[in-house]
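Please read the numbered points alongside the model shown here.

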Amino acid sequence: HYTRRPIATDFTGFFMSISAFHPPLRTLMGPGPSDVPPRILEALSRPTIGHLDPRFIDLMDEVKTLLQYVMQTENTLTMPISAPGSAGMEACFVNLVQPGDKVIVCQNGVFGGRMKENVERCGAEPVMVQDAWGTAVDPQKLEDALTAHPDANLVAFVHAETSTGAQSDARTLVELAHKHDCLTIVDAVTSLAGSPLKVDEWEIDALYSGTQKCLTCVPGISPVSFSERAQQRISNREHKVQSWFLDMNLIMGYWGKGARRAYHHTAPVNAMYALHESLRIVHEEGLENAWARHQRNHEALKAGLEAMGLRFIVDPAHRLPQLNAVTIPEGVDDAAVRTRLLEEHHLEIGAGLGDLAGKVWRIGLMGYSSRIENVTQCLGALDAVLADMGAPVTHGVALPAAEKILAA
């Protein structure tokens with residue numbers, strides 16, 4: 001016998017305790033999001049207009065052109081997905097992968113594993129090419145897999161593995177895929193605008209990224225781009241794209257060129273203002289200058305961390321400048337250090353993921369977070385916390401080592 005109980009309706013005390021939310025000021029030096037500059041925060045606060053308003057459509061056209069610049073592509077199918085980077089990843093897979101396909105997935109960290117999940121959910125067969133976490137994807141292993149599986153029709157890999165700070169040779173991996181008549185899907189979430197990435201020159205077929213990393217925008221939007229080869233495969237599918245929302249055939253009716261747009265979804269209007277402003281900032285600095293800034297600040301941070309005795313897990317030849325993964329000193333409590341940095345110095349750094357959980361810190365230098373003052377703040381705060389905890393590192397040397405690099 002079931003007896004219905006009355007539902008509590010007196011929430012007066014609860015609601016009276018809720019006040020306006022004012023977030024603390026933090027310096028964000030984790031794996032994302034990165035610091036958002038005042039110009040972009042101001043853009044977010046501008047009046048909201050309709051997502052089919054003629055002025056908003058003008059902004060959409062400019063966003064598309066600016067994205068083509070940052071990605072170094074002329075692909076007509078280049079746009080921001082109205083959802084975070086994970087949705088950009090899914091958009092690439094659901095549009096290019098059909099049931100029964102065989103897809104070669106290169107995994108050298110957490111996010112290659114997410115690619116595998118997408119392949120399986122599309123009803124396709126993943127063939128895994130595994131490399132140690134903290135290393136780049138081995139081109140020879142990919143070549144061997146392509147030779148062993150001539151029926152594969154797509155290769156997927158992460159250009160900049162956010163979980164480890166390792167960067168793979170995208171150009172070489174794409175060349176190998178094309179040599180075996182495979183298209184490519186490339187994860188550029190952490191590399192876009194932070195290190196060299198050239199979609200057309202490297203002939204990448206499908207690429208996705210996120211706004212909260214080196215574009216230094218707010219989270220929640222995923223830029224994507226599809227080559228002509230990729231668009232042909234989408235147009236010639238035998239099965240419907242399994243996601244209505246992410247079906248490029250439908251989205252292009254909204255993001256296509258010109259004033260007449262077909263309604264698809266209500267775009268996050270103010271977030272698009274922010275993306276537009278962030279792309280303007282990258283263009284004003286110049287893409288090559290942005291790459292150089294990330295590298296220069298990485299060198300200063302690296303000098304300071306290594307002077308303390310912290311060790312990078314990625315070989316210098318494959319090390320991302322914008323995502324620095326260093327080993328945690330023996331006997332040091334990972335979470336305790338990060339908590340003290342946050343509470344005492346208002347500084348956020350990232351924990352390790354997956355196999356590297358509790359073993360590394362991930363220190364981001366992305367977008368607006370890649371500034372000299374952030375480098376010095378991070379080194380000073382980390383030195384102070386580790387010294388107070390009696391950690392086995394060399395104290396008082398990090399800042400002088402970094403300043404020597406910056407003064408050169």
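**Notes on the model**

1. Strand 13 and strand 14 (residues 360-364) are antiparallel and are joined by 2 bridges. Strands here are DSSP runs of E of at least two residues, while helices are runs of H or I of at least four residues, both numbered from the N terminus; two strands count as paired if DSSP finds at least two bridges between them. Within this pairing, Ala351 has Trp361 of strand 14 as its bridge partner.

2. The model is predicted: local features need pLDDT of at least 70, side-chain atom pairs count only at pLDDT 80 or more, and totals for chains, interfaces and linings use all residues. Residues are numbered from 1 along each chain as its sequence is written, and side-chain values use heavy atoms, with hydrogens and water left out.

3. The pairing in point 1 belongs to an open sheet of 3 strands, ordered 11-14-13 with antiparallel pairing. Strand 11 (323-327) and strand 13 (350-351) each have a single partner strand and stand at the edges, so one side of each lacks a neighbour in the sheet.

4. A parallel arrangement is found elsewhere: strand 3 (residues 102-107) pairs with strand 4 (residues 125-130) over 6 bridges. Lys102 is placed opposite Glu125 of strand 4. Together with helix 5 (residues 110-121), strands 3 and 4 form a right-handed β-α-β unit; right-handed means that, with the strands pointing away from the viewer, the path from the first strand over the helix to the second runs clockwise.

5. The loop between strand 1 (27-28) and helix 2 (38-44) holds Asp35. Pro33 lies in the loop between strand 1 and helix 2 as well, and the peptide bond from Gly32 to Pro33 is cis, with omega near 5°. Asp35 is buried at 8% relative accessibility (buried is under 20% relative accessible area, exposed over 50%, partly exposed in between, with a 1.4 Å probe and protein chains only). Leaving aside residues up to four places away in sequence, Asp35 has contacts (heavy atoms within 4.5 Å) that include Arg26, Thr216 and Tyr368.

6. Thr216 has a positive phi near 55° although this residue is not glycine. Thr216 sits in the loop between strand 9 (206-208) and strand 10 (222-226) and is buried, at 6% relative accessible area.

7. How many disulfides are there? The count is 0, a disulfide being a pair of cysteine sulfur atoms within 2.5 Å. For Cys217, the nearest cysteine sulfur is that of Cys214, 13 Å away.
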